[in-house]
Amino acid sequence: QYRFLVCCGLPVFLFFALLSIKTKVQGNWAPCTWLSLTVLWAGYLSLLAQDAPRKVLRTVVWATLTAGFITSIIVIPAFRVKLGIKIASTEDLSNTAYGWREMAGYVQKVRDRMAQEGKPVFVAANDYQYASSLAFYLPDRPETYDLFLHTRLSMFAAHIDRLKARLGENAVYVNDNNIEAKYLNQIFERVEWEEPIPIWRRYYSKEPIRYLYIARCYGYKRFVGIDRKSVV
């Protein structure tokens with residue numbers, strides 16, 4: 001039973017731990033190891049408790065303190081500052097949870113300005129993070145769209161056909177770069193970019209944690225679905 005639990009969890013954990021030395025590993029890959037390793041940990045403690053109950057308490061306290069310290073370094077930037085630990089803004093995972101409300105504020109201003117021209121305006125992005133975050137943080141919680149011009153497929157592909165109803169309308173397009181400019185020009189009659197907007201976290205970083213690129217897109221003229229070849 002213990003060997004089975006080790007085989008289910010440890011190889012996957014070690015694989016992604018080693019891979020993280022070379023490249024970025026998304027946090028959602030590791031949880032597939034936690035289930036078996038958590039059961040293994042509980043089984044180990046139960047066996048240990050039969051012979052040395054006090055040792056179980058020391059082990060749990062040590063593990064809790066260690067995990068709490070590591071977690072605090074990751075999620076509490078002020079703690080890192082106090083300890084003198086510096087992490088580049090591009091590598092600081094806590095930054096991924098910061099700045100979305102500020103982003104929505106900028107987008108709403110552009111959206112309101114475009115709406116004054118009299119045409120309906122929809123909100124689009126080329127990344128599921130931006131599309132879903134805008135759907136949550138914009139005041140009216142609108143339906144948002146992923147245009148699938150350059151990125152991999154996501155859950156937004158399930159209702160990509162709804163974009164057909166937006167033909168002829170204008171759009172606010174949001175991303176963390178403007179490399180899709182040439183693709184946008186093929187599916188809209190006119191595209192105008194705002195100046196890149198820096199998103200700051202000044203106390204914890206001396207540089208912006210990301211840049212926000214907003215495009216004002218006029219006259220949605222061509223639906224391409226999820227076929228990127230049609231816009232290359």
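These legends go with a few close-up views of a predicted model.

**View 1. Helix α5 crosses helix α6.** Here you're looking at α5, which covers residues 100-115, and α6, which covers residues 128-137. Their axes are 9 Å apart and pack at an angle of about 80°. Since anything from 65 to 115 degrees counts as roughly perpendicular, that's the label α5 gets relative to α6.

**View 2. Who touches whom where α5 meets α6.** Zoom in on the side of α5 and you'll find W100, R101, M103, A104 and V107. Their partners in α6 are Q129, Y130, S133, L134 and Y137. Sort the residues of this contact by class and you get seven nonpolar, two polar and one charged.

**View 3. The buried part of α6.** Which residues of α6 are buried? They're Y130, A131, S133 and L134. The cover over these buried residues includes helix α5 along with the strands β1 (121-125), β2 (144-146), β3 (170-175) and β6 (210-220).

**View 4. A cap on the start of α6.** D127 caps the N-terminal end of α6. Look for a side-chain oxygen of D127 sitting 2.8 Å from the backbone nitrogen of Q129.

**View 5. Checking the cysteines.** A disulfide is a covalent bond between the sulfur atoms of two cysteines. How many disulfides turn up in this model? The count is zero. Take C32: the nearest cysteine sulfur belongs to C8 and is 11 Å away, while a disulfide needs the two sulfur atoms within 2.5 Å. So C32 is in no disulfide. As for C217, its relative accessibility is 0%, and buried means under 20%, so C217 counts as buried.

Note on methods: Residues are numbered from 1 along each chain as its sequence is written. This is a predicted model: local features need pLDDT of at least 70, side-chain atom pairs count only at pLDDT 80 or more; totals for chains, interfaces and linings use all residues. Side-chain values use heavy atoms; hydrogens and water are left out. Axes are lines fitted to C-alpha atoms, for helices over the stretch in contact, and angles run from 0 to 180 degrees between N-to-C directions. Helices (H or I, at least four residues) and strands (E, at least two) are DSSP runs, numbered from the N terminus. Angles under 35 degrees count as roughly parallel, over 145 as roughly antiparallel, 65 to 115 as roughly perpendicular and the rest as oblique. Contact means heavy atoms within 4.5 Å. Ala, Val, Leu, Ile, Met, Phe, Trp, Tyr, Cys and Pro count as nonpolar, Asp, Glu, Lys and Arg as charged, and the others, Gly among them, as polar. Buried means under 20% relative accessible area, exposed over 50%, partly exposed in between (1.4 Å probe, protein chains only). A polar contact is a pair of N or O atoms within 3.5 Å; within protein, one must be able to donate a hydrogen and the other to accept it, and residues adjacent in sequence count only if both atoms are side-chain atoms.
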